[in-house]
Amino acid sequence: MSVFPKETVKNIGESLGITNLKDDAASALAQDVEYRVHELIQEATKFMRHSKRTRLTVDDINSALRAKNVEPLYGYACSGPPKFRKANVASTDVYFTQDDELDFDTILSKPLPKIPLDVSFTAHWLAIEGVQPAIPQNPTPGDAKADLLSKRSKSHGGTSGLSDQVDVKPLVKHVLSKELQMYFERITEAVLSEDERLRSQAFESLRMDPGLHQLLPYFVQHIHKKVTQNHKDLDVLDAMLSMAHSLLNNQHLFVEPYLHQLIPPIMTCLVGRTISEDPFQDHWSVRRRAASLIANICRHYGKAYHTLQPRIAKTLVRALLDPSRPLTTQYGAIIGLDALGTEVTRVLVLPHIKFFTTHCLQNALENGNAQKVQEAEKCKEALLGVLEKVAKDGAHMETSGQASEQEKKQLVDDIGQLLGDAFLQKRADITSNELQSILESTTTTTTTTQHD
């Protein structure tokens, strides 16, 4: 039997809109809560002991919560720094914490606190000549509308005769103070302002302010909404990326529970078909910024969520290898994989580079359309950057002189003539080790792909 009664679990469930919780489920949850509390206290005690202290503090609890990948507590802190005194024992200075001394005479001589106010009753008008006055005691129009909707759901719930027994409870409301609401409105307006100074101040506030934990889900929802509604407005997309970057870099925020809502709009900016009204606008820089942001998320949260980077990489590879996808999407996939690291490009890009060149780049360059040619050149430039990074891995080895003509011919055969000639023209002084670094990746991965 748990020290937490099952009635407590049921009451908490009802406050969250969960009704009719069975006794067995409540008892199981209570036992799990007791186990988690014991586990948390043990972890916090470890932090206390490693800190050479005998008093458990809120910081120890927060450190234990972070170690368990749980959101820390907000609004609690130590009342003050510990006070130390020095004593000389056997010619050695010993420091110890000083306990506050309380004078009972002073405590007893203090006046008693005021008696709390007695219960009182007041009267107010529910309605005057059929009109409900707008006073705090009466329900708001929003509450009245919710009540009307609940009544309709009861009356039109079905023909089974069970609709009259349905008890529709309102969802839990997250109440924000007027100050937070005003802050949210000012920030969301400032990030889209034409004033560069105002935008910088807004992003700085999002990055440094320690009291934004209550507004975090609203900011994430705002980013998702703006990207969805303005997926062809570069200025809005760039502002939302800056907003996401500021929130992710705020050390006081616990962003992990909202990553599943924050990643999709960033991926939209990365691999979206069209993210600008004019295809000749510089939407490439926005895609590069989104790629950098995705890579930072994977590096920062990849250890806690082992499937995060593989899922993102799988999505990007699918976009890269689908010939029906536009080149803008494939460009985003290339730079996204490139931002994840050289090992990722070795395994996921190099084995398919010849296929992509033959079926996507070659056709676009021969098409003659100015827009298609520009997109193909951007993809080509991104792939050359991938090859350059892979070649640098072989530069730290002992140099063995310039690459031979046979090695260069092998490179052209492995990655295609279009990219091979362009890369060798760009790196005419490439060494044999650098070239072998590319050839080993393409040969190994190509064999694996054919075997699969």
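**Exercise 1.** Classify Val 33 as buried, partly exposed or exposed.

*Solution.* Take the cut-offs: buried is under 20% relative accessible area, exposed is over 50%, and partly exposed lies in between (1.4 Å probe, protein chains only). Val 33 has a relative accessible area of 37%, so Val 33 is partly exposed. Val 33 lies in helix α2, residues 23-50 (helices are DSSP runs, H or I, of at least four residues, numbered from the N terminus).

This is a predicted model: local features need pLDDT of at least 70, side-chain atom pairs count only at pLDDT 80 or more, and totals for chains, interfaces and linings use all residues. Residues are numbered from 1 along each chain as its sequence is written, and side-chain values use heavy atoms, leaving out hydrogens and water.

**Exercise 2.** Find which residues form a salt bridge with Arg 36.

*Solution.* Apply the criterion: a side-chain nitrogen of Lys or Arg within 4 Å of a carboxyl oxygen of Asp or Glu. Asp 32 qualifies, with closest N and O atoms 3.6 Å apart. Glu 39 qualifies too, its closest N–O pair with Arg 36 being 3.6 Å apart. Now check spacing. Arg 36 and Asp 32 are four residues apart in helix α2, so about one helical turn separates them. Glu 39 and Arg 36 are three residues apart in α2, about one turn.

**Exercise 3.** Decide whether Lys 46 and Glu 43 are buried or partly exposed.

*Solution.* Lys 46 has 45% relative accessible area and is partly exposed. Glu 43, at 19%, counts as buried. The two form a salt bridge, with closest N and O atoms 3.5 Å apart.

Definitions and conventions: Helices (H or I, at least four residues) and strands (E, at least two) are DSSP runs, numbered from the N terminus.
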